[in-house]
Amino acid sequence: MSKETSRISRREFLKIAGTAATVSVVSPGLLSACAPKAEEKKKLTVFGLTTWSGVVDDMLGAMLTAWGQGAGVEVEWSVFQWVQLEQELAAGLQAKAPPDIALLMENNLHYYRAAGNLLEVTDVVDDLSAEGGGLMEAARAILEHDNKVWGVPFWNNPWPLYARKDILEPAGLSVPTTWDELLSASLAVQNPPDLYGYGMSLGANDDTPYNFAPLFWSLGGAFLSEDGKTSMLDSQATVDALSLVKKWWDAEIVPPGTFGWDAGGNNKIYLSGQAVFISNPPSVYASARANDPELADNTLLAPMIGETAVDGWSWAVFKDSPNVDLAKRCLREWMRPAAIETLIEQGAYRCPPYKGLYEEEYWKAGGVVGQFREYLENGRYLAYPAPPSPAAGEMIKAMVVPNMVSALLVEGKTAKEAAAAGHAQLQAILDKYK
Amino acid sequence: MFQSQRSRRILTQILSYVALCTFVFFALAPFYWMIITSFRSQRELYRVVSLWPKEFYFGHWVEALTSAGVPIWLKNSFIVAIATMLLSIAVGVPGGYAISRLQFRGRKLLGLSLIFVYLVPSYLLFIPYFAILVKLDLTNNLLGLAITHLSFTVPFCTWLLVGYFKTIPRELEEAALVDGCSRLMAVLRITLPLAAPAIVVTALFSFTLSWNEFLYSIVFLTNRDRLTITAGLVRLMTEDEFPWGLLMTASVLSAIVPVWLYFISQRWVIRGLVVGAVKG
Amino acid sequence: MVNSQSELCSQILGTSLTGDLLSIHQTIQAVRPSKRQLKAVLGHDWKVAYLFIAPVLAVLVGLVGYPFLQSIWVSLTDLMVGQESKFIGLGNYLELVRMTIPSFFRVFRQTVLYTVVGVGAKFVLGLITALLIHQRLPGRNVFRALLFVPWTVPIVIGALAWRWIYSDVNGILSIGLLRLGIVDDYIYWLANPRLAMISVMVVMIWQGMPFYTMNFLAGLQSISEDLYDAASVDGASSWQKLLNITIPSLRDVIIVTLLISSIWTSSTLQYVYVLTNGGPAYRTEIFPMLSFHISISSRDLGLGSAAALASFPFLLILILLLAPRMLQED
């Protein structure tokens, strides 16, 4: 612990010791009025999401700390996983003490925006866009509402298809481009339970809708209507997509363990060499690069069959922050396009949001990142064709897709019944946000 | 006759040992696996399944002990657990004594509410707590966390102590009072020394309860340097990929403390349980 | 006594209405209770006692009572994270009962199953191990110490270790059984909807059993040997001794242990949180998990608090049945 901390805790300790028991009884409001509020160095609290790469997380924190030292600001940098960040924000907002800055995925950004918790950051983003040679349309689309920008872009995650070159090539197969090819290639090379064809996530986790969506989109389906107010799940496309999942399940190309997976389940099965194909953000590739280069060398990334999904991460400034101007300044100086490029080149493997960055040598050289720009330009966000929304975020968290899949494969319902149940759940969520 | 009885006894003994060994195997096998896992490289973990590592890999231990923050988290856990322990004893001993010994209005009600307080699940309280800690400027603060831990250590410890104080003959204290001791002196000189084993057990319980606590730690502590070990473990479980080697290493490290504590104080624990749970 | 107290109050109140300060003063003087009276009302040792219990009371009221009431209040509002809320009466409770995914009754059934089976298994296994150790076997202290280990480690760690053992990717349990030829197909402990609950319960039992063993062992040590000797003279079998002496003597220990354990078991989130997150297909969703999912995933703090409180009446019944036993006087 630093000197600073131990000094504070000693003071706190005396405060507690003195009031030991009464502290808890007396109303907290009264106490806060008496608590000494020393005017100290300005402080910023920043919550990040794990990038799934320790090196990148640490670098990001180091950049922030360096900025703080330069600007004479004390920064507190914490990295969370998704669920934990939500929990922190829930507790923090409830207590009217959110962090100054937090990293949010697109639908959550709009949850907090719609709840009136966020500060507009249009000016910051305009400056940074100019610096980065313009913001990619796809990156900008998810940050705006009413012509205002609510998040400072970080990067986008594409969800390409991973394929094992060393398994496909000896069998004379190429990377599948249709669902039928995926099935036939899987059946040709798999050897369960040691090796499964498609490590599709079907469990109650955030990856499942992203694995289901491409299938469903390619058959003409969508989760939401264009205005984002109506569920589109009661369509033939949903039924067809579910039937296809059932077909794969019966053909045993999907690992039976999938129902127990968390969001990392498909990562693990791929990294352990037990799946030929998966669809996931490039974090799995980054992990293989770092821990198992042989597997990385044998991995091909290709556009997902049907459509490639994307998600977008951005930094939001909370309105209740006592230092909103400082928070904005921090983002303007810390999240510069060049900094994002550095992080990506250090092994993060993501899509940068700024056009100018794609002119860098790193992207021109081709290889595994060769198609990243196309992923972002042609990719679809989960809320497609609606804009990102709180309801879409809750659709992911309330497990609408996993529930449909388990109704079909676990409860033994028909595809039609499962689709109807999914539709009802989604519509109920949408109605709640009307 | 004698022979058959003896052979029967030997048979019973053998069967008992077999049964006990089975139970011990069930109890300890997960720890074996945990320890062995901590000596395997990430690639081996994903590729090989064997009861013994192909080669011992010390990388996770080096990482856990140097870079990953584990030593700081252990230190923080110590701070929180010791603060909780001291405060619980300071609160629980007089409270337990009063409930078991003194005549006052509301005694029964207080005893009853101790038990009721057990029922309030911690996941119900974390949001109100957060508001309180923010008001007191105690978030991200180890002592703030220790205070929330009192919500479950105090009722439990007080209740255990009530049971224990009841077993100490009242007459001993009364004799001292007759001899001209003040009440406080009588308590300090006679009752407390007799209750020492129970107090140690109670202290131990609050230490471990605090050390092992999970939900409040992950919600109230955010800064990486101020996490306790349970919160730190969750921080290591990055969402998309479990670093099993490192996780198991940190798990071994954080399990050592409570396990060791119980080993050195087993005798007291059992005595404490006798008085706490049996006669409470 | 209550009467005299209220009389006293109304007397003060009555006079104060007249607004005559002097008369208040006089009244107070007149009715100021003597030490004897206070002792009669508040108990013989009230001065010392109230001083001694003040800290406990502060913790109970401030750290549990007040936040608990606040949770009840939240469960009666439509509070969403970071938003304004309004009072909606029992709306959340109605919504909870009508909930279909997962259905409230499924969660209820599973919580009961999880608690009853878990507590039952811990009881039986704990009793067996305690009886085994209680025999005068050489080395019993070593067994006792080793059996206690799972209980001492943090639950998160126990659950994490088992998650790795159960893993469908290189998990030792499936692969080990397969290699030993005990099963001929891979078993998906946490993914198979029929197995998941059992798998979670195994972990909970593994970690919770030593608490029973230790309590029963402590209870066994306080049973007088004479009882057994007398029974032996009467020619009682071991089984009869168990049923007629051991279990009746352990009655109080058993009841108290079961009570504490039922409460801990049904309200512990970590096993399910770490092992299955309530899945697959909500087969392991129990109340604490449901509440966590609703409050955190759906950010619906009102409904989430209602879900957490929904299990409270059942625990309350349990406690009301058993609290007198825990408080009984010598």
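What you're looking at is a predicted model, where local features need pLDDT of at least 70, side-chain atom pairs count only at pLDDT 80 or more, and totals for chains, interfaces and linings use all residues. Residues are numbered from 1 along each chain as its sequence is written, chains are lettered from A in the order in which they are written, and side-chain values use heavy atoms, with hydrogens and water left out.

Let's start where chain C meets chain A. Counting contact as heavy atoms within 4.5 Å, 35 residues of chain C and 41 residues of chain A take part. Between them the two chains bury about 3,000 Å², with 57% of it on carbon and sulfur atoms; that is accessible area (1.4 Å probe) lost when the two parts are put together, summed over both. On the chain C side, V169(C), I296(C) and R299(C) lose the most area to chain A, together 19% of what that side buries.

There are two salt bridges between chain C and chain A, a salt bridge being a side-chain nitrogen of Lys or Arg within 4 Å of a carboxyl oxygen of Asp or Glu. E411(A) and R283(C) form a salt bridge through their side chains, at 3.0 Å from N to O. As for helices (DSSP runs of H or I, at least four residues, numbered from the N terminus), α4 (46–75) and α15 (287–297) of chain C each bring at least two residues to the side that touches chain A. The top contributor there is α4(C), with seven residues.

Now for the rings. Rings of Phe, Tyr and Trp (its six-membered ring) pair if their centres lie within 6.5 Å, and planes under 30 degrees apart count as stacked, over 60 as edge-to-face and the rest as tilted. That gives 61 aromatic pairs over all chains. Take F148(C) and W151(C): their ring centres are 5.6 Å apart and their planes at 15°, so this pair is stacked. Both sit in helix α7 (residues 140–152) of chain C, three residues apart, which puts about one helical turn between them. F148(C) is buried at 3% relative accessible area, and W151(C) also counts as buried, at 19%; the cut-offs are under 20% for buried, over 50% for exposed and partly exposed in between (1.4 Å probe, protein chains only). F148(C) and W151(C) belong to one aromatic cluster that also includes F156(B) and Y262(B).

Last stop, L215(B), in helix α10 (residues 215–220) of chain B. L215(B) is buried, at 6% relative accessibility. Neighbours within four places in sequence aside, L215(B) is in contact with Q87(A), S122(B), Y123(B), F126(B) and F292(C).
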